[in-house]
Structures are given as C-alpha cells and as structure tokens.
Amino acid sequence: MAKKPKTIQEYFDQSLIYDNGKLIAPMTETHCHLDMLKDVNLDELQNELESLGISRIITIATSNKNFSRVQEIQNSFPNTYFTLGTHPHEAKDFHENDLSHIREVAKSDSSKLVAVGEIGLDYYYDFSPREKQIEVFKKYLELSIELNLPVVIHTRDADEDMAQILKEYGPQMPKKGVVHSFSSGLELGALAAKLGFFLGFNGMITFKNADLVRQAVNQTPINQILVETDSPFLTPHPFRGQQNTPTYIPLVMEKIAEIKNIPLRECMASIEKNATKCFFS
Ligand SMILES: [Zn+2]
C-alpha cells in the first residue's frame, strides 16, 4: 500500500481485492449484527454492499430481545439471511418459548433462516451463570439436530467445557456449523476442525497483539475457514476506533490470504465455497 488509507474508499483504491469499482470475486459476510449498527441507513448500506460484490449477508440474533428486529431486517433485503439463538451473555433470560419460536420460523421461512445461533459459552464476562450457559447451549445444540440446521458458536475463555460439549454433540450433528470470531486456544481450534466445524475469523486477525489468532488461521485448513466482520464490533486495522460494518470484510479476506500465503483469488473462491457449504446447502 502506498500510504495509510483514511477511508474505506481510499483503501479500496489501493487494494488488489478491488477492481473497476467491485471486488474481484463475490464474498459472503457470515456474521454481523445489522440491528446493532448505530446511525447507519440500512438501505444505503445494502446498496453499497451489493455494488461492492458482497453476495450474501448473515445477520445474527443474540436473544429473544432482538428476534423480531433481525427477522424484520432480513425480510427487507433479498441478500440478507439470518440466525436465531441465545448468546451466552443472555442465557439467564432464555425461555423455552424461544425454542418453539425458532421451530415455527424454521417451518414457515426455512429458506432464509440459515442457522441456530449465536449460542455458546463465555467465561470471560460471565454475564450469565456458567451452569445456565451450559444448559442453554446444549438445548440449542439439540434444536439444531432436530431442525437439521448448522450452529453459530461463540466461545471465550471456556476451552475445556467447549471441547467436552463439542466432542459429545459434534458427531451427532448432521450440519455442524461455525465457531465464530475464533480466538480460543489452538487445541480447541484443531478439535473443532477435526469434528468438521468451520472456524470464523474477523478483524481481530489484523490486530497487532493477535499472534495466537493468526496461528489459528495458519493451522486451520483453508476449506474450513469463514470470514466475517462481527460488526459493529472488532473493526479491522487501520480503521479501529470507527464503527465496523460489513463493508470492511475485504480487509479480513486479504489478511487470511497473506497469513496462509495463498493467491487472493484462490483464497476468495475457497472461502466463498465454504460459506455455501456451511449455510446454504
Ligand atoms: Zn456476534
């Protein structure tokens, strides 16, 4: 790069991932929270993403509090798909009704509900009691088996319990899914990949202090990697401090290609195929 770009447009103008106003290959944004973006006009954002060549966007629910908003958003945009689930932070507010709601949606609108999630364990914040997190996580894994849907897993500082649960449930799950925003230990990464899960990486891999996450990229087979932004969080370098949006996803893709030392086009084709395999087949 010639000089440090100040805007995403300046960045694209200098980047090989962008040509003639468009990405050189289509990309799927596999994890964002469109309902949490502040001061963003979603119609304008969708137009921008479409003209950029972002082929599909998956917006992720985190609890019964945002189910209806997430469903409303995916309804307004043909390229936007969605998930429903209870984030471990919100496990304390989980209701059995959440499961029946998801069953209903899966029956009525199965085409755009692409996964159960996000669900999992977060022992870093411990916003919900750990026992409750485990109980709710297992209920959702059972639901994913029942509905034949993949899962979107969040895990932080919970490697031991997560490994145990994945070993127990993984082999029974017809669709597997993704361990998103992967930032756990290399051992858990290797186990998840061995069980057939994808690993999702985001702007974190561009952070200076994230060598361990880059090692996880390095050890994960290219046919099990997904890219995401997790917007509005985790804005990639050099735009940290600004709100993240799916527009920034090419920075994550470029970094994966660089870490794995694979030509950009080849990397994009593999990862796009992975997104199809994980969520759309
Ligand atoms: Zn998320």
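**Exercise 1. State the handedness of the crossing of α8 and α9, then describe how the two helices pack.**

Solution. The model is a predicted one.

Step 1. Where α8 passes α9, the crossing is right-handed.

Step 2. α8 covers residues 211–219 and α9 covers residues 249–260; they pack at an angle of about 70°, and their axes are 9 Å apart.

Step 3. Angles of 65 to 115 degrees count as roughly perpendicular, and α8 and α9 are therefore roughly perpendicular to each other.

Step 4. On the α8 side the contact is made by R214, V217 and N218, which meet I256, I259 and K260 of α9. Sorted by class, this contact has three nonpolar, one polar and two charged residues.

**Exercise 2. Describe the packing of α9 and α10, and list the residues that meet.**

Solution.

Step 1. Helix α10 spans residues 264–279, and α9 packs with α10 at an angle of about 110°, with axes 9 Å apart.

Step 2. With 65 to 115 degrees as the range for roughly perpendicular, α9 and α10 are therefore roughly perpendicular to each other. Their crossing is right-handed.

Step 3. From α9, M253, E254, I256, A257 and K260 meet L264, C267, M268 and I271 of α10. This contact has seven nonpolar, no polar and two charged residues.

**Exercise 3. Find the residues with the most contacts inside the largest nonpolar core, and list the contacts of L199.**

Solution.

Step 1. The largest nonpolar core has 73 residues. Those with the most contacts inside this core are V116, V178, L199, F201, M253 and I256.

Step 2. Leaving out residues up to four places away in sequence, L199 touches V178, V179, F182, G189, A192, A193, A216, T220, Q224 and I225.

Terms used. Residues are numbered from 1 along each chain as its sequence is written. This is a predicted model: local features need pLDDT of at least 70, side-chain atom pairs count only at pLDDT 80 or more; totals for chains, interfaces and linings use all residues. Axes are lines fitted to C-alpha atoms, for helices over the stretch in contact, and angles run from 0 to 180 degrees between N-to-C directions. Helices (H or I, at least four residues) and strands (E, at least two) are DSSP runs, numbered from the N terminus. Angles under 35 degrees count as roughly parallel, over 145 as roughly antiparallel, 65 to 115 as roughly perpendicular and the rest as oblique. A crossing is left-handed if the near helix is turned anticlockwise from the far one by less than a right angle, and right-handed if clockwise. Two residues are in contact if their C-beta atoms, placed from the backbone, lie within 7 Å. Ala, Val, Leu, Ile, Met, Phe, Trp, Tyr, Cys and Pro count as nonpolar, Asp, Glu, Lys and Arg as charged, and the others, Gly among them, as polar. A nonpolar core is a set of buried Ala, Val, Leu, Ile, Met, Phe, Trp, Tyr and Cys residues joined through C-beta atoms within 7 Å. A residue is buried if 20 or more other C-beta atoms lie within 10 Å of its own, exposed if 12 or fewer, and partly exposed in between; C-beta atoms are placed from the backbone.
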